[in-house]
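Have a look at the structure, and then we'll take the questions in turn.

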Amino acid sequence: MRGLVVKCTGSRYAVLSDEGTLETCTVKGNFRIKGIRSTSPVVIGDRVEFADGMISEVGERRNYIIRKSINLSKQSHILAANLDQCVLVVTVNHPVTTTTFIDRFLANAEAYDIPAVLVFNKKDLYDEDDNESLKALTDIYETIGYKCLSISAELDDGIEGLRQLLKGRITLFSGHSGVGKSTIINHLIPDLALRTAEISDAFDTGKHTTTYSEMFTLPDDTGGFIIDTPGIKGFGTFDMEKEDIGDYFKEIFEYSKGCRFSNCTHTHEPGCEVLKALERREISQSRYNSYLSMLHDEDESKYREGY
């Protein structure tokens with residue numbers, strides 16, 4: 001049988017079969033070590049073959065979102081695979097989402113050719129200074145080419161615009177704990193409690209938690225899937241070569257085409273068009289700082305530090 005992995009909890013997987021049934025599966029022990037440097041060889045969004053509750057094969061992935069494992073710095077943790085887009089839910093305040101975190105997430109999405117959307121939530125709580133920061137951030141990221149939405153999930157303001165972006169697509173939702181992902185998703189899928197209960201029963205867990213990623217079907221009038229992920233603190237530069245990091249910053253990549261040296265690091269070299277653009281303020285200082293942070297990310301534990 002073939003199916004789609006819709007939830008992973010440790011060594012157990014919920015697979016939605018092509019026949020429409022929800023199956024609980026595991027994998028063979030040696031399946032985990034066949035050249036896979038990941039904490040799990042099977043992830044949300046994988047197409048798999050299975051029989052008698054045992055996954056035997058994972059289909060080729062067209063893309064995925066990856067970060068370093070929290071506990072095993074030399075392994076990766078793949079959040080989800082085979083995505084059409086990802087939505088990063090951020091907040092200017094309550095809590096603060098730093099530009100470093102935003103830029104690291106976007107760079108990871110660029111590295112695996114996954115379109116990204118920024119959703120700024122909790123605008124109903126912002127004061128004048130917060131709104132100025134929101135405008136400045138929106139200007140930065142829209143100028144680069146990222147779609148930005150400003151919403152209040154609490155007031156159901158802006159949710160319809162987001163719903164239109166999700167139609168017929170597989171979308172990963174990510175962000176820090178407390179930014180309102182769950183509230184947003186509950187607006188998008190009003191009967192989520194029922195859908196959650198169905199999968200929870202299959203796992204004998206009783207109720208849904210955000211410890212693990214999970215895929216949900218959007219209502220028929222929207223179509224597509226949402227993948228809800230646990231709140232995360234940061235992204236490391238896993239499996240990124242230093243000379244490639246600039247390629248994952250859209251504006252740095254564009255200006256780098258004019259650099260005098262093909263191996264320019266955009267830090268000190270003569271004839272560097274990136275540095276010239278930075279001086280002209282055509283590249284934002286915050287984005288450049290994020291690039292330097294990733295370029296000099298020697299300490300693999302650095303990405304775990306605070307929000």
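Predicted model: local features only at pLDDT ≥ 70, side-chain atom pairs only at ≥ 80, totals over all residues.

Residues are numbered from 1 along each chain as its sequence is written, and side-chain values use heavy atoms, leaving out hydrogens and water.

Q: Why is Asp-228 called buried?
A: Buried means under 20% relative accessible area (exposed is over 50%, partly exposed in between; 1.4 Å probe, protein chains only). Asp-228 has 6% relative accessibility, so it counts as buried. You'll find Asp-228 in strand S13, residues 224-228.

Q: What makes the link between the side chains of Asp-228 and Lys-181 a polar contact?
A: A polar contact is a pair of N or O atoms within 3.5 Å; within protein, one must be able to donate a hydrogen and the other to accept it, and residues adjacent in sequence count only if both atoms are side-chain atoms. The two side chains are joined at 3.1 Å, and that is a polar contact.

Q: Is Ser-256 buried or exposed?
A: Ser-256 comes out at 19% relative accessibility, so it counts as buried too. Ser-256 lies in helix H6; helices (H or I, at least four residues) and strands (E, at least two) are DSSP runs, numbered from the N terminus.

Q: Which residues is Ser-256 in contact with, leaving aside its neighbours within four places in sequence?
A: Contact means heavy atoms within 4.5 Å, and Ser-256 has such contacts with His-266 and Val-274. A polar atom of the Ser-256 side chain also lies 2.7 Å from the backbone oxygen of Phe-253.

Q: How many residues of each class are in the lining of the second largest pocket?
A: The lining has seven nonpolar, six polar and four charged residues. Ala, Val, Leu, Ile, Met, Phe, Trp, Tyr, Cys and Pro count as nonpolar, Asp, Glu, Lys and Arg as charged, and the others, Gly among them, as polar.

Q: Which helix gives the most to the lining of the second largest pocket?
A: H6 does, with three residues.
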